[in-house]
Amino acid sequence: MDAVVKALSARVDAHDAGEKIVHRPTREEAEAAVRTLIAYAGDDPDREGLVETPKRVAKAYRELFGGYEEDAGTVLAKVFEDVEGYGDMVLVRDIPFHSHCEHHMVPFHGSAHIAYFPSKGVVGLSKLARVVDVFARRLQTQETMTQQIADAVEDALQPRGIAVLIEAEHMCMSMRGVRKSGSSTVTTVFTGIFREEPAEQARFFTQVRLGK
Ligand SMILES: Nc1nc2c(ncn2[C@@H]2O[C@H](COP(=O)(O)OP(=O)(O)OP(=O)(O)O)[C@@H](O)[C@H]2O)c(=O)[nH]1
Ligand SMILES: [Zn+2]
């Protein structure tokens, strides 16, 4: 089953479970909404420089929010078991991402660091970076995204421990509102060994910071 079909059938399952299904508007409806926002901002949607903007924005939305079409389980489905018994920490650090906060639909961006202690196998390193994007390319809070990444790794690998650390700057805090540029928010999820053994948690932090 490809990712799109799987994501859609997941939504049908959600519907069966009584959750609300959101109707997706057409491209034309989305473009009309962008025209309205341009006018709301105070500009003329018919001026030359803006005529094609609704079309561009609608297209950009399909990319910026492409995570709704993707399924983390599919991304992490291939597990490599033959790693000669390797069981120490695997850390992929400094995975850059861009997301949008669900409160203001304004970007937040930063880095994710994901570590786990393998039990039954490992996943391709790029897949961990892909999983970050599956969740980043949705309307998010940083806390939710951190937990979702940890849950996806747990489901795929049942490792002996998972650590996810995300550090990000929220544009809704720098460009508007409180207007504090440069502050960053750090969120963490620790499970298993990382939660139970302070020395392993400390080693995770040290390795995340190594070479900086
Ligand atoms: N916990 C959490 N809060 C976030 C995140 N992204 C944005 N926010 C916050 O969401 C809050 C929304 O607060 P509200 O009072 O409902 O909205 P607001 O009047 O626009 O708030 P201000 O940003 O303070 O102007 C703000 O404090 C944001 O900083 C996130 O990922 N996690
Ligand atoms: Zn915000």
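Me: How do the residues of the shell around ligand 1 divide into nonpolar, polar and charged?
Reply: They come out as four nonpolar, five polar and one charged. Nonpolar here takes in Ala, Val, Leu, Ile, Met, Phe, Trp, Tyr, Cys and Pro, charged takes in Asp, Glu, Lys and Arg, and the others, Gly among them, are polar. This is a predicted model, where local features need pLDDT of at least 70, side-chain atom pairs count only at pLDDT 80 or more, and totals for chains, interfaces and linings use all residues. Residues are numbered from 1 along each chain as its sequence is written, while chains are lettered from A and ligands numbered from 1 in the order in which they are written.

Me: Ok, which residues are around ligand 1?
Reply: C101, H103, T141, Q142, E143, H170, C172, M173, G177 and V178. A residue gets in if its C-beta atom, placed from the backbone, lies within 6 Å of the molecule.

Me: And which helices each supply at least two residues of that shell?
Reply: α6 (142-157) and α7 (171-174). Helices are DSSP runs of H or I with at least four residues, strands are E runs of at least two, and both are numbered from the N terminus.

Me: What does UniProt list for "binding site"?
Reply: The unreviewed entry lists C101, H104 and C172. They are spread over 72 residues of sequence, yet they cluster in space, with a largest C-alpha distance of 7.9 Å. UniProt positions follow the numbering used here, feature names are shortened, and annotations may be inferred rather than shown by experiment.

Me: Where does C172 lie, and what does C172 touch?
Reply: C172 lies in helix α7. Not counting residues up to four places away in sequence, C172 touches C101, H103, H104, V106 and G177. Contact means that the C-beta atoms of two residues, placed from the backbone, lie within 7 Å.

Me: Why does C172 count as partly exposed?
Reply: Because C172 has 16 C-beta neighbours inside 10 Å. The rule is buried if 20 or more other C-beta atoms lie within 10 Å of a residue's own, exposed if 12 or fewer, and partly exposed in between, with C-beta atoms placed from the backbone.

Me: Where's H104?
Reply: H104 is in the loop between β2 (90-101) and β3. H104 is partly exposed, because 16 other C-beta atoms lie within 10 Å.

Me: What's the phi of M105?
Reply: Near 55°, a positive value in a residue other than glycine. M105 is in the loop between β2 and β3, and M105 is exposed, with 11 other C-beta atoms within 10 Å.

Me: What about the phi of R179?
Reply: R179 has a positive phi of about 55° although it is not a glycine. R179 sits in the loop between α7 and β7 (185-190).

Me: Which domains does the domain assignment give?
Reply: Domain 1 (3-64) and domain 2 (79-209), with bounds from an automatic or database assignment. Their C-alpha centres lie 28 Å apart. UniProt, in an unreviewed entry, places "domain: GTP cyclohydrolase I" at residues 31-208.

Me: What's the mean pLDDT of the protein?
Reply: The mean is 93, and 92% of residues reach 70 or more. pLDDT is the predictor's confidence in each residue, from 0 to 100. For the complex, the predictor gives an ipTM of 0.91 and a pTM of 0.90.
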